[in-house]
Amino acid sequence: MKLKTEIYPWGTERRFNSYSDYFRKLFGERVQKITLDAGFTCPNRDGTCGIGGCTFCDNHAFNPAYNTPDKPIVTQIEEGIAFHRKRYRRVSSYLAYFQAYTNTYAPVNELKRLYEPALTVPGVIGIVIGTRPDCVDEKILDYLEELSKRTFLVVEYGIESTLDSTLREVNRGHDFATSVKAVKATAERGIRVGGHVIIGLPGEKREDWLEGAALLSELPLHSIKYHHLQIIRGTAMEKQYESEPERFVSFTMDSYLDLVADILERLNPEIVVERIAGEVGLGMQVREGWGKRYDEVVRRFDEILEERDTWQGKYYHLLNQDYIREKR
Ligand code: SF4
């Protein structure tokens, strides 16, 4: 039985600054994201900054069935709301999530044409835009700044790794400095900035992810998503995995969640943690999955934090050498 309750800096008893609690505090209820495919492409696929795309990428792995770019945005949202209503009957607030490919990869007028209708759908209280850090410019940021004054807005950058050697290896087409610059330029305009990071890219190890958490903690990030690497069938990464399996770390669910606990110990407690793991359909992955739903993964993570009596930001203020001493 839990004898002692503690209120953490984010204002709840939960041991990490979770997105669901953040929304409950902000809007007084659960908020559901509706993922959308607005028909954008990607500069890392069309030759502008690269060809072939990131080696781990298969956007179809993340798109639900109701997302097809030939449907208008409003229709996709309405179908998404109907889909989620079956599971979460009491949810009445939604975020339009422009997720597929690079959702700022178009002139500003085109962005307006795609984003603005989302705000006309009853129940939509804001917009989340997933994009690459090298795909925003002053004009786009001007518009996003104005948009963020009218609605709840998050611009989510695919950072993926803090190591340039990894970003090169996975053919990402930008370096970590580009992510730092985009995050800062966006946050300076008062726009909420999210970051997406993958744990388990080839050649990376525990120290890299812990050091990465310390680096990301210094950025003006509003939220962060951690995904464990799920190797999708048919991607270039599948071929690499077949030829160099020793370069990939395999996690059991508990070993991964233990690592995430270590990462969150180093993470700035002000950063809201949106996800701690990926959620790709089992049939699409090369490696065996954990056979757990995401809510079960999160429940186990809460237990691990409790068992270890640890929490997000526990070692955030320690310098690197002090942290190493502490964990020895
Ligand atoms: S992960 Fe994003 S940036 Fe990379 S190829 Fe896929 S859509 Fe493009």
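Let's start with an open space: the second largest pocket has a volume of about 380 Å³. Its lining is made up of 25 residues, and those closest to the centre of this pocket are H228, Q230, Q285, G289 and W290. As you explore, please keep in mind that this is a predicted model.

What kinds of residues line the second largest pocket? The lining divides into 11 nonpolar, 9 polar and 5 charged residues.

## A closed cavity

Rolling a probe the size of a water molecule over the atoms shows where empty space is left. Here the count comes to 1 cavity of 30 Å³ or more, and the volume of the largest cavity is about 90 Å³. To find it, look for T162, V197, D208, W209 and G212, which lie nearest its centre among the 14 residues of the lining.

Which elements give two or more residues to the lining of the largest cavity? They are β4, β5 and α7, and α7 gives the most, with 5 residues. By type, the lining of the largest cavity holds 8 nonpolar, 3 polar and 3 charged residues.

At 1.5 Å a residue, its 12 residues should span 16 Å, and the end C-alpha atoms of α6 are 17 Å apart, which agrees.

Which residues of α6 are buried? They are F176, S179, V180, A182, V183 and T186.

## Pairs of opposite charge

Side chains of opposite charge can pair when their charged atoms come close. In this model the count comes to 29 salt bridges. One of them joins the side chains of D254 and R300, at 2.9 Å from N to O. This pair links distant parts of the chain, with D254 in helix α9 (residues 253-266) and R300 in helix α10 (residues 294-307), 46 residues apart.

E303 and R300 both lie in helix α10, 3 residues apart, which is about one turn of the helix. An α-helix has 3.6 residues a turn, so residues three or four places apart point the same way. E303 counts as partly exposed, with a relative accessibility of 40%.

## Another pair and a network

D295 and R293 supply another example, their side chains meeting in a salt bridge at 3.0 Å from N to O. D295 is partly exposed at 30% relative accessibility, and R293 is partly exposed at 47%.

Salt bridges can also be followed through a group of residues. Which residues are linked in a network? The network of salt bridges takes in E138, D142, E145, K149 and R189.

## Two residues with positive phi

Most residues other than glycine have a negative phi, and most peptide bonds are trans. Against that background, Y101 is worth a look: this residue is not a glycine, yet its phi is positive, at about 60°. Y101 sits in the loop between β2 (93-98) and α3 (108-115) and counts as partly exposed at 26% relative accessibility.

D309 also has a positive phi, near 45°, and is a residue other than glycine. Where is D309 found? D309 lies in the loop between α10 and α11 (320-327), and its relative accessible area of 44% makes it partly exposed.

## An exposed loop residue

The last stop is R89, found in the loop between α2 (73-85) and β2. R89 counts as exposed because its relative accessibility is 71%, and the cut-off for exposed is over 50%.

Notes: Residues are numbered from 1 along each chain as its sequence is written. This is a predicted model: local features need pLDDT of at least 70, side-chain atom pairs count only at pLDDT 80 or more; totals for chains, interfaces and linings use all residues. Side-chain values use heavy atoms; hydrogens and water are left out. On a 1 Å grid over the protein atoms alone, a cavity is a set of points where a 1.4 Å probe fits but cannot get out, and a pocket is an open set with protein on both sides within 12 Å along at least five of seven lines; lining residues have an atom within 4 Å of a point. Grid points are joined across faces, edges and corners, and a volume is the space filled by probe spheres set on the points. Ala, Val, Leu, Ile, Met, Phe, Trp, Tyr, Cys and Pro count as nonpolar, Asp, Glu, Lys and Arg as charged, and the others, Gly among them, as polar. Helices (H or I, at least four residues) and strands (E, at least two) are DSSP runs, numbered from the N terminus. The expected span of a helix is 1.5 Å times one less than its number of residues. Buried means under 20% relative accessible area, exposed over 50%, partly exposed in between (1.4 Å probe, protein chains only). A salt bridge is a side-chain nitrogen of Lys or Arg within 4 Å of a carboxyl oxygen of Asp or Glu.
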